[in-house]
Amino acid sequence: MHDEKNQGFSLVEIIIVLAIMMIFTVGAVGMTQYINYGNSKRCVREIEDGLNRVRMDSMSKDFAPILYLYRKDGKYYMEASTQNTLIVDELTNSKQIANGNIHIYKGNSADEMQDGDIIKLGYEKRSGAFRNDPY
């Protein structure tokens with residue numbers, strides 16, 4: 001007669017596997033937060049570069065461009081233009097600066113941009129000072 005033992009996993013083996021899974025989970029969550037932080041930094045850098053270009057153009061050229069930040073289909077876009085009004089649906093040269101994972105607020109911190117919202121930013125030609133309401 002052959003005596004077989006029905007062996008399963010021991011408690012120690014299960015604890016080790018759970019510990020390894022927990023380490024991978026914590027690493028994945030940390031990496032996701034790091035990626036979101038990187039996306040936020042890229043968005044800020046894009047806006048800052050756009051503002052610097054508009055400021056230089058305002059002070060050095062005969063026209064004073066306006067930097068438009070707007071949201072369309074849950075994504076954020078930026079475009080510099082010399083037009084005083086902007087029709088979002090007609091824009092073709094806009095640069096996407098962020099997706100829906102990043103939130104841009106206008107005014108106070110409780111007023112997040114919604115689809116169709118536009119922020120106009122511009123500078124004074126002579127001084128290069130920021131204009132609250134360009135044109």
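Some conventions before the structure. Residues are numbered from 1 along each chain as its sequence is written, and side-chain values use heavy atoms, with hydrogens and water left out. Since the model is predicted, local features need pLDDT of at least 70 and side-chain atom pairs count only at pLDDT 80 or more, while totals for chains, interfaces and linings use all residues.

The overall picture, then. The protein has one helix and five strands, in the order α-β-β-β-β-β from the N terminus. Helices (H or I, at least four residues) and strands (E, at least two) are DSSP runs, numbered from the N terminus. Of the 135 residues, 27% count as buried; buried means under 20% relative accessible area, exposed over 50%, and partly exposed in between, with a 1.4 Å probe and protein chains only. Among contacts with a separation of 6 or more, 49% come from residues 24 or more positions apart, a contact being heavy atoms within 4.5 Å.

Now to tyrosine 76, in strand S2, residues 75–81. Tyrosine 76 counts as buried, because its relative accessibility is 1%. Leaving out residues up to four places away in sequence, tyrosine 76 touches a set that includes Tyr70, Lys95, Ile97, His103 and Met113. Its side chain makes a polar contact with the side chain of arginine 71 at 3.3 Å, and also reaches the backbone nitrogen of isoleucine 104 at 3.3 Å. A polar contact here is a pair of N or O atoms within 3.5 Å; within protein, one must be able to donate a hydrogen and the other to accept it, and residues adjacent in sequence count only if both atoms are side-chain atoms.

Next, the aromatic rings. The structure holds one aromatic pair. The rings of tyrosine 70 and tyrosine 77 have centres 5.5 Å apart and planes at 20 degrees, so the pair is stacked. The cut-offs: rings of Phe, Tyr and Trp (its six-membered ring) pair if their centres lie within 6.5 Å, and planes under 30 degrees apart count as stacked, over 60 as edge-to-face and the rest as tilted. Tyrosine 70 is buried at 3% relative accessibility, and tyrosine 77 is buried at 18%.

Last, the surface. The protein exposes about 10100 Å², with carbon and sulfur atoms supplying 54% of it; areas come from the Shrake-Rupley method with a 1.4 Å probe, and for residues only the protein chains shown count as cover.
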